[in-house]
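Colleague: Hi! I'm new to this one, could you walk me through it?
Modeller: Happy to, let me put it up first.

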Amino acid sequence: ECGARAILQRFILFLAPLSGPAASFLIPLFAWRAISERSKERWIQTFTLIVATAIQFFFFYQPQQRDLGIDPRLLCCVFGLKHIIQPTFGRVLAEHITVGWRQTFGHGSWTVPVIVGTLGVFFCLTSLAIRSKHKAALFFLLSGILMASVSYWAALGNRLDLLSVGFGNRYVFAPELLFELAILSLAFTTNGFSRLFCRWLTIWILIVGLHDFSQTPAFFREGPSWPSEVRLWQQDHSHKMVICPRDWFMSLPP
């Protein structure tokens, strides 16, 4: 393909690794699709990801910039909160359901029901995706799992904070979108009850998401005034602009 659509797709893929290293870990999945589909365009997309990853690594990567690693049990609980409970029940209910998770896990509890439930949900989704008529659902699902795992593995700050509804949502957005695309794909590529269930689930997640979008959390209603900080910087270029959260600052060159 050489049309505008193909060029746009390649451009977006080129930006992905430059926006965050998690996208670089999708290279094996794109290569797998290129081999299985014998597609020239998939190879071009794979090569695009490789080039952008090389630029990220050689020009922007800084070793020891952050610590890496996460307890597999904690990772499973984070998946349960961020990708099952929150998109299904909404932010407010998710806060009530998971109110004690951080303290519980921090005290050494295994939270076995959460781990078993999370693994069960993703096992069912994977099974449906494997049996689907098309590979799109499986590709979306595996991409989401891979991106989320890498993001939480390399997340900044205390990993236990990921068990808070409002923490680390920048790591959640892209994987969650991939999971929802997988469910949407299953709504049209499966049969019987699973087809109906995925369609209703898609509608429900959309309703919950629209409701959450209309309710701005208090955390985002507070903080410094960005126009005021810009004006202060314009008056004095040595001024460090206060950003959200309040203890964060940003310096700009004069």
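Modeller: What follows is a short tour, from the overall layout to a pocket and a few residues. This is a predicted model, in which local features need pLDDT of at least 70, side-chain atom pairs count only at pLDDT 80 or more, and totals for chains, interfaces and linings use all residues. Residues are numbered from 1 along each chain as its sequence is written, and side-chain values use heavy atoms, with hydrogens and water left out.

Colleague: Thanks! How many helices and strands does the protein have?
Modeller: Twelve helices and two strands. Here helices (H or I, at least four residues) and strands (E, at least two) are DSSP runs, numbered from the N terminus.

Colleague: And in what order do the elements run from the N terminus?
Modeller: The order is α-α-α-α-α-α-α-α-α-α-α-α-β-β.

Colleague: What does the C-alpha trace span along its principal axes?
Modeller: About 65 × 50 × 35 Å.

Colleague: What share of the residues is buried?
Modeller: Of the 254 residues in the protein, 38% are buried. Buried means under 20% relative accessible area, exposed over 50%, and partly exposed in between (1.4 Å probe, protein chains only).

Colleague: What about the accessible surface?
Modeller: The protein's accessible surface is about 15,600 Å², and carbon and sulfur atoms hold 69% of that. The areas come from the Shrake-Rupley method with a 1.4 Å probe, and for residues only the protein chains shown count as cover.

Colleague: What share of the contacts joins residues 24 or more positions apart?
Modeller: Such pairs account for 64% of the contacts with a separation of 6 or more. Contact means heavy atoms within 4.5 Å.

Colleague: Switching topic, how big is the second largest pocket?
Modeller: Its volume is about 920 Å³. On a 1 Å grid over the protein atoms alone, a pocket is an open set of points where a 1.4 Å probe fits, with protein on both sides within 12 Å along at least five of seven lines, and lining residues have an atom within 4 Å of a point. Grid points are joined across faces, edges and corners, and the volume is the space filled by probe spheres set on the points.

Colleague: Which residues lie nearest the centre of that pocket?
Modeller: Gln86, Asn169, Phe173, Gly209 and Asp212, out of 25 lining residues. The elements giving two or more residues to this lining are helix H4 (72-89), helix H5 (91-97), helix H9 (173-189), helix H10 (192-214) and helix H11 (218-221).

Colleague: Which of them gives the most?
Modeller: H10, with seven residues.

Colleague: Can we look at single residues? Where is Arg91, and is Arg91 buried or exposed?
Modeller: Arg91 is in helix H5, and it counts as buried because its relative accessible area is 18%. Beyond neighbours within four places in sequence, Arg91 contacts Gln86, Val165, Asp212, Gln215 and Pro217.

Colleague: Where does Val165 sit, then?
Modeller: Val165 is in the loop between helix H8 (136-153) and H9. Val165 is buried, at 5% relative accessibility. Not counting residues up to four places away, Val165 touches residues including Leu81, Lys82, Gln86 and Arg91.

Colleague: And Phe179, buried or exposed?
Modeller: Phe179 counts as buried, at 4% relative accessibility, and its place is in helix H9. Leaving aside neighbours within four places, its contacts include Phe79, His83 and Phe122.

Colleague: Which of your residues is exposed, and why?
Modeller: Arg38 counts as exposed because its relative accessible area is 80%. Arg38 lies in the loop between helix H2 (27-37) and helix H3 (40-60). Its phi is near 50°, a positive value in a residue other than glycine. Most residues other than glycine have a negative phi.

Colleague: Last one: where is Gly3?
Modeller: Gly3 is in the segment before helix H1 (4-19), and it is partly exposed, with a relative accessible area of 35%.
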